[in-house]
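Me: I have a structure open and would like to learn how to read its features one at a time. Could you walk me through it?

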Amino acid sequence: MGVTDVLIVGAGPTGLVLACDLARRGAAVRIVDRSPVPPRTSRAKGPNARSLEILDDLGVAEEVLAAGSAPLPMLKYRDRLPVAETDPWADSAPSPDAPYDRGRLIAQWRLEEILRDRLAGYGVHVELGREVTGLAEGPGGRHVDVAFAEGRTERARYVVGCDGAHSSVRKLLGIGFEGTTAEDQVMVCGDVDLADGALDRTRWHQWFDEDGAVMLCPIPGTRTGWWFQAGPERDGRGLPLAPTADGFRRLLARHTGLPGWVLTRAELLSTYRVNVRMADRFRAGRVLLAGDAAHVHAVAGGLGMNTGIQDAFNLGWKLGLVLAGHAGPELLDTYEEERLPVAARTLDLTSERLRATLEAIRRPGGGLDAAITPDTTGLGVGYRWSSLARGHAEARQAGDGSTATPDAEVRTARDAERPAPQPGDRAPDAPCVDAATGARTRLHRVFAGPRTTVLGFGPGSAAVLREVAAAYGDAGVRTCRVYAAHEDRATSAPGEAVVDDEGHAAAAYGRGASDGTGTGTRTSTVVVVRPDHHLGLSAPAADARSVHAYLHRLHGAARSAERFSGIGGRRR
């Protein structure tokens, strides 16, 4: 019986992002889904800013942007009359360190199509109509035996359950899913067609009345398609009725004043109840959980699909390094260490935003914009508490037990204007110039792909970059020298190189080293950026051993450990 590296259960956005990430790493990955056909659902309205960065890394952001639309201004009504219009993103703009300042509206089924096509480019196709019914640890704990409803049993080194809130994988593991369901907070949803010209498609229309609500948002890529959300009709006992096309027409006529006949089609009808639940743990041996299988929360803020995509991006590189034999399986413990607190915070954030929204819509002019805050972009999510977020002194101690001598960095007045990102934080983007070609590029383009990146700021970093390239260049580590605009480039470093021609990289990373003064290693810095675009380590270039200790944890022993002599210090 052959053994698959990773079997992913569930082919929604979470599973597809994970499958794409693993496939490009060369892992033998398979993805199964119990549905007999690709699910066509529009529950999620699109990726937020952080998820767009991830999709960019996977090479599909341009297609997503083309297929979707920018978030729309919200037109709010009361008693059928327009009372307010709000653009939650009016004061937002792209910045050098975050070129995506807002999300994108796109039907979930269309996003899944794009991801399936990307996955097919790696020769991997979703296996439809396959339901997992059993999980058992194999002999010696070296694999998982997976039983399917059709009677077959197959083996995988790891299994990841991305199969939604009713996850079979989670239930088979016996992992608790504690939380609450608000039976009184109910919404009916569906995709509908309205007669052409019935409503302005440049607005997200929201009718909030004392006795109910209707929300209609145009579906990008369609001429007459809309997302329909509403408070449900209720029976004589006040219980919510199941959604129907005729029910949608009655709700439309009651709240909007439009005749019911303008709603010409209704499909994908569903009832949504607010569930706030989280799995007790995200890993059980060789089986892991991601996305809604691990956590569900209020819809406010649109973080459901996005949190799953970001789970997958956190997990993919860790599985990849373990499968390649660079890291031990204990690296997978950091998935739960990092993502479980994020999930818990997301539950709190979305519940808070739901409360704010329910309060806002009681007043004329209130609407769904109350759910949107800077937190919902995902750009501020980081892992400073993680064992993978190391100060250089900690990394040295972890590497050889020695006590590091702090090497004070010289900080310019310009650096002091903004704090430098800390280990665990999202690595900022920055526009720059490819030193070899002169073409415009960005740091996130440098980071793209399944590798760890070591950035060198300042002339003293060149020696460290050479050592890293020699020791880890074949083990999934790239190096990139960041030159200041007027810095002497006569002494080249290995790997890639960019010119920080406008100073945005130096500003984003708080590095005086890029001012081009050539003052030596005291102002030179080395930054290790994880494959998921989070800082792992920032250290003075004089402390090469901290860089080695950190890379050793992720990528195993260097090809030649003695290459890391520790500039300015004793040899190992």
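Reply: Let's begin with a helix: α1 has 12 residues and spans 17 Å from its first C-alpha to its last, close to the 16 Å expected at 1.5 Å a residue. The expected span is 1.5 Å times one less than the number of residues. Helices (H or I, at least four residues) and strands (E, at least two) are DSSP runs, numbered from the N terminus. Residues are numbered from 1 along each chain as its sequence is written. This is a predicted model, where local features need pLDDT of at least 70, side-chain atom pairs count only at pLDDT 80 or more, and totals for chains, interfaces and linings use all residues, while side-chain values use heavy atoms, with hydrogens and water left out.

Me: How many residues of α1 are buried?

Reply: Buried means under 20% relative accessible area, exposed over 50%, and partly exposed in between (1.4 Å probe, protein chains only). In α1, 12 of the 12 residues are buried, so the helix is largely enclosed by the rest of the structure. Its cover includes β1 (3-9), β2, α2, α4, β8 (153-161) and α7. After α1 comes Gly 26, with a positive phi near 85 degrees.

Me: Which residues of α4 are buried, and what do they pack against?

Reply: Helix α4 (residues 108-120) has 13 residues and reaches 18 Å, close to the 18 Å expected. Its buried residues are Gln 108, Trp 109, Leu 111, Glu 112, Ile 114, Leu 115 and Leu 119. They pack against α1 (13-24), β2 (29-33), α2 (49-57), α3 (61-67), β9 (177-194) and α7.

Me: Which residues have the most contacts inside the largest nonpolar core?

Reply: In soluble globular proteins, nonpolar side chains tend to be buried together. A nonpolar core here is a set of buried Ala, Val, Leu, Ile, Met, Phe, Trp, Tyr and Cys residues joined through side-chain atoms within 4.5 Å. The largest has 105 residues, and Val 6, Ile 8, Ile 31 and Val 160 have the most contacts inside it. Helix α7 (residues 304-323) gives the most to this core, with 10 residues. Leaving aside neighbours within four places in sequence, Val 160 is in contact (heavy atoms within 4.5 Å) with residues including Val 6, Ile 8, Leu 18 and Leu 319. Apart from this core lies another, of 18 residues, among them Val 214 and Phe 228.

Me: How many disulfides does the structure hold?

Reply: A disulfide is a covalent bond between the sulfur atoms of two cysteines. With a cut-off of 2.5 Å between cysteine sulfur atoms, the structure holds 0 disulfides. For Cys 20, the nearest cysteine sulfur, that of Cys 162, is 12 Å away. Cys 20 is buried, with a relative accessible area of 1%. For Cys 217, the nearest is that of Cys 189, 13 Å away.

Me: What does phi look like at Asp 79 and Arg 80?

Reply: Most residues other than glycine have a negative phi. Asp 79 has a positive phi near 55 degrees, and Arg 80 has a positive phi near 75 degrees. At 58% relative accessibility Asp 79 counts as exposed, whereas Arg 80, at 44%, counts as partly exposed.
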